[in-house]
Amino acid sequence: MESKQQLPAPGAAGPGAGAEERRLEEDNDVAGGGGLGRPLGPTPSQSRFQVDLVAEGAGRPAEEPHKASGEGDATGKGSEEAKGRFRVNFVDPSAGDESPGEPGGGSSEGGNVSFQNGGDTVLSESSLHSGGHHHYYSDTHTNTYYLRTFGHNTMDAVPRIDHYRHTAADLGEKLIRPSLAELHDELDKEPFEDGYANGEEGTPAGDAAATYIPDSKGVVKFGWIKGVLVRCMLNIWGVMLFIRLSWIVGQAGIGLSVLVIGMATVVTTITGLSTSAIATNGFVRGGGAYYLISRSLGPEFGGAIGLIFAFANAVAVAMYVVGFAETVVELLKENGTLMIDEMNDIRIIGAITVVILLGISVAGMEWEAKAQIVLLVILILAIGDFVIGTFIPLDSKKPKGFFGYKAEIFMENFGPDFRQEETFFSVFAIFFPAATGILAGANISGDLADPQSAIPKGTLLAILITTLVYAGIAVSVGSCVVRDATGNVNNTFVTELTNCTTAACKLNYDFSSCQTGCQYGLMNNFQVMSMVSGFAPLITAGIFSATLSSALASLVSAPKIFQALCKDNIYPGFQMFAKGYGKNNEPLRGYLLTFLIALGFILIAELNVIAPIISNFFLASYALINFSVFHASLAKSPGWRPAFKYYNMWISLVGAILCCIVMFVINWWAALLTYVIVLGLYIYVTYKKPDVNWGSSTQALTYLNALQHSIRLSGVEDHVKNFRPQCLIMTGAPNARPALLHLVHAFTKNVGLMICGHVHMGPRRQAMKELSTDLAKYQRWLIKNKMKAFYAPVHAEDLRDGGQYLMQAAGLGRMRPNTLVVGFKKNWRQGDMRDVETYINLFHDAFDVQYGVVVIRLKEGLDVSHLQGQEELLSSQEKSPCTKDVIVKVDYSKKTETDTSIAFAPSSERTQALRKEEDEDGKTPTQPLLKKDSKSPSPLNLTDQRLLDASIQFQKKQGKSNIDVWWLFDDGGLTLLIPYLITTKKKWKDCKIRVFIGGKINRIDHDRRAMATLLSKFRIDFSDIMVLGDINTKPKKENIAAFEEMIEPFRLHEDDKDQEVADKMKEDEPWRITDNELELYKTKTYRQIRLNELLKEHSSTANIIVMSLPVARKGAVSSALYMAWLEALSKDLPPILLVRGNHQSVLTFYS
């Protein structure tokens, strides 16, 4: 948009206004717009103009009326047009409310924009993003909001919660603050950033979701009492309270029973505190334990726990329903009204019950919540009934062991009396499942109005209340009822027995006959609470209530957790269960699945085997919740800021360890099975690598570890034994030169650092835009292609500057490059010789900063970026030997001359070629294998086919062949170390190293033995050593002639020119070869030509050749001559690496 355009006011304006100049300044407020807020209409007292946003859609008739006579279109260029244009209309003040600036005047087109003289300018948000397509809600403050705050017009937004929402937030609209580009960039250019904060890039789904205004009518959200407290209390108070607690008191005694309850409470309280900490560290969505763990520890642990936790809840439904059915069948048995037999009756009643529960759940959360309240009332009444009953000791109950509160009974029952091989831990294992259920509130986190305050309050209060009730009932039942009673009224006696010491004896009852077995008392009668209570049927109702409420809570929890898991697409096969229905997004499919699982286990009816596995599943999730808090605190992530402060990382760790210990106490084989299942799922999810990024503490800890180790490493001096080739490869776009990348990866993978340098040249604005997009794209490409490398783009005026920036600044601490790797500049004779000057200067710069240099040459070339769709061709050639049918469109406009080591084209041209073959996000190949081009597709020509074949040769397994090392000059040993490292890799392990060295004809044997001794001291295996005594022989005449012909165009011929002309020419074209220089380095020239002859003679069948790189003295040897040496040395050979270390030892034979 042409924002500096000056707009004279219309004649109808108020007095003095005509003299003013209006400008569309950047410093304007972003408010209103998106078609939402009502743009300001004109007031007659002010002169103004109006700017309408013109959407780029084809032919919108609604726009036509706006085309007023004073209109001026300021359009962007090219692709920037899609960003939307401003049309400037002069507005007649007398038009009043009929102004097109009113909402009726076309705000549906993405929002009109009124620029007013007196107030802040209101700019449609969609004008800053592509033509109103996003429809994000803009700031709906009044348009003078920022004017009031700062006293001047500003586009800068003040801090607001709506800027920090996710795009799909259902709590309110997401607003987008102006991006840095919008505030900072020059006005005559279009900002390139989309204004998203880090990691919040809008997906199409996210954009659509942002426009969604939640319909609050009909959505049920619960407070902390109804949503969390009631649920947790109902889930914790289970059948155990009424049926097993009295037996536990009989076995362990009052003291140890309270200890058992206390130990269980310690585990659940620590977990409750940890849950509260995670739940208050940011907005909690649906998914309960799964959501908390996955967002803290990442998808691997979250995915594993989510699945087993949902399954555990589904099977828990069956457990609770069978507990209910057993009680009903007991009643039927007492009354002699069994339907078939006990087992089948349990199945029938269980099946009917679970169908009814499913009906309540599917009816909606509101119905389910009402049912829970009713069940809680019944449960509290039943507990009250028991407490009242303890104060009313009836004579009829005394033979059954109930005497009311008596100190004698309390004293006798205080200590343990374990029978039938029970121990403290076995009793604890039986009680502990009664303490679980603390996550019942957290599991429906998506249905809570304010999960952050509800989960801590409700969960911790529920644990407190239920613990007090458990302990209270344990003490009271232990104070009232003896361990053994006959139930026989005739066991009373009047005279005191001398040998009777039991509490019953002191109360005039003789139950000594119970040593052979009785039916009553704490040890023998599970229905003690019914017997003690004032009204027994109410206890039965309490048992029904406890079982059904727990079943109902689990039946609701399981589908909600499973739905959240499926929405995250961790297990792609379960995607269908992510769908929700109705206002509350109810997971009906999940309900049905849970119902089927529960029904299946009810029909099995063997719950004694399943119960310990379920308890262990719950405990595994508790352990991971505790561990999450410890891990997040340990990682010191700035994002870990829980509002709930009453937690401690070490206590959470103790809680996690306690959970693991309790798992083994309950059942050792179930604990092992749980560990195996969690580990198996963890490995599966890790292997699948779901494409999610939740900012987990695992990432934070990885970063922290990397940072600490890097800093620790910086304090250690380098040692020759620990030398690693750390390579800076000038690749350009990494996918443009796959052969270069794979060959270097062969000797750096798991050994040293590999950085892919990419110098962006050309206009700075364009390059900066490319830098930010390429960084993420190519790093992802490297990871996807299993390259252990980093991508480092820089912007520079030319390649040399870019190379210098990278050599000086790339890396971190001790992890810095020490070797520059470049591809050979194949097209140097056809291109601009200034590029050759730059290329050769890169070598000089590398040597200046003590880098080693490696030049890699393939006779076919390295650069495949001019082939469209080369990604797919490469992958297809790897997979299938037949590539003849592949049709690809080759861009011949670039010719093969673009095949240089580094792309010298301006970055805009270069990246366009690469853009074609890869999508912006770099995740998926977008080009089909067979191009359907409207123009005539040309089959791949022979040159390009060979280039493609060559570019993938290092990805294949290398057969039994040779790596020839021509170690002519001692550079510290890098020339020898690189081939050794290559042979340690799996693909190269069958290759043998042959070493070639220079020597004198009369000392060949001596030189060979000396080299063999050196190599054996270095512990480097070799198959052969060849001493070349004829290196200094004069090369063949035809090769010398060919060399002279090659350099002819680059010679200065100063002897044939006037001195001044020659000097001027040398100054302008410093790369030219002088006659003097040619004569001076004649011997060195001949040596390169001769070496090429020897290479062809000895190494033409090698897989790769590694050879010492000749060094040219800076300032003495011209670029053209040096380039000619490299050309002459390496032409028409197998892949060759010209290597020159920095002449510091990289090998040692000392230990």
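Leaving aside its neighbours within four places in sequence, with which residues is D1075 in contact? The contacts of D1075 are with R1051, H1053, E1054 and D1055. The structure that holds this residue is a predicted model. Its chain has 1151 residues, 53% of which count as buried, and its secondary structure amounts to 35 helices and 16 strands. The points below are grouped by topic.

**The chain as a whole**

- Among contacts between residues at least 6 apart in sequence, 80% join residues that are at least 24 apart.
- The chain exposes about 51400 Å², and carbon and sulfur atoms supply 57% of that area.

- D1075 lies in helix α33, which covers residues 1075-1080.
- D1075 counts as buried because its relative accessibility is 14%, and the cut-off for buried is under 20%.

**The open sheet**

- An open sheet is formed by 10 strands in the order β9-β8-β7-β10-β11-β16-β15-β12-β13-β14, with mixed pairing.
- The edge strands of this sheet are β9 (790-795) and β14 (1024-1028), each of which pairs on one side only.
- On average, neighbouring strands of the sheet are turned by 20 degrees against each other, direction ignored.
- In general, strands of a sheet pair through backbone hydrogen bonds, either parallel or antiparallel.
- Strand β12 (residues 962-966) pairs with strand β15 (residues 1104-1108) in the parallel sense, over 4 bridges.
- Within strand β15, I1105 is the residue that stands opposite D964.

**Helices that meet the strands**

- Helix α29 (residues 974-983) packs on the sheet and touches β10, β11, β12, β13 (992-998), β15 and β16.
- The direction of helix α29 makes about 170 degrees with that of β12.
- Helix α22 (residues 738-748) lies across β7 (727-730), β8 (754-760), β10 (819-823), β11 (852-857), β15 and β16 (1136-1140).
- Helix α22 runs at about 175 degrees to β7.

**The nonpolar surface patch**

- V609, F664, W668, W669, L672, L673 and Y675 make a nonpolar surface patch of about 660 Å².
- Helix α20 (residues 668-688) gives the most to this patch, with 5 residues.
- One of the patch residues, W669, is found in helix α20.
- W669 counts as partly exposed because its relative accessibility is 36%, which falls between the limits of 20% and 50%.

**Salt bridges**

- Side chains of opposite charge can pair when their charged atoms come close.
- The structure holds 21 salt bridges.
- One of them joins the side chains of K560 and D447, at 3.0 Å from N to O.
- K560 lies in helix α16 (residues 536-567) and D447 in the loop between α12 (424-431) and α13 (451-480), so this pair ties together parts that are 113 residues apart in sequence.
- Both partners are buried: K560 has a relative accessible area of 8%, and D447 has one of 4%.
- E717 and R814 form another salt bridge, in which the closest N and O atoms are 3.9 Å apart.
- E717 lies in the loop between α21 (697-714) and β7, while R814 lies in the loop between α24 (799-809) and β10, so the pair ties together parts that are 97 residues apart in sequence.
- E717 counts as exposed at 66% relative accessibility, whereas R814 counts as partly exposed at 28%.
- K957 forms a salt bridge with D990, and the closest N and O atoms of this pair are 3.7 Å apart.
- K957 belongs to the loop between α28 (942-951) and β12, and D990 to the loop between α29 and β13, so the pair ties together parts that are 33 residues apart in sequence.
- K957 is partly exposed, with a relative accessible area of 49%, and D990 also counts as partly exposed, at 24%.

Conventions: Residues are numbered from 1 along each chain as its sequence is written. This is a predicted model: local features need pLDDT of at least 70, side-chain atom pairs count only at pLDDT 80 or more; totals for chains, interfaces and linings use all residues. Side-chain values use heavy atoms; hydrogens and water are left out. Helices (H or I, at least four residues) and strands (E, at least two) are DSSP runs, numbered from the N terminus. Buried means under 20% relative accessible area, exposed over 50%, partly exposed in between (1.4 Å probe, protein chains only). Contact means heavy atoms within 4.5 Å. Accessible areas come from the Shrake-Rupley method with a 1.4 Å probe; for residues, only the protein chains shown count as cover. Patches are made of residues with over 30% relative accessible area and no salt bridge: like charges are joined within 9 Å, nonpolar side chains (Val, Leu, Ile, Met, Phe, Trp, Tyr) within 5 Å. A salt bridge is a side-chain nitrogen of Lys or Arg within 4 Å of a carboxyl oxygen of Asp or Glu. Two strands pair if DSSP finds at least two bridges between them. Axes are lines fitted to C-alpha atoms, for helices over the stretch in contact, and angles run from 0 to 180 degrees between N-to-C directions.
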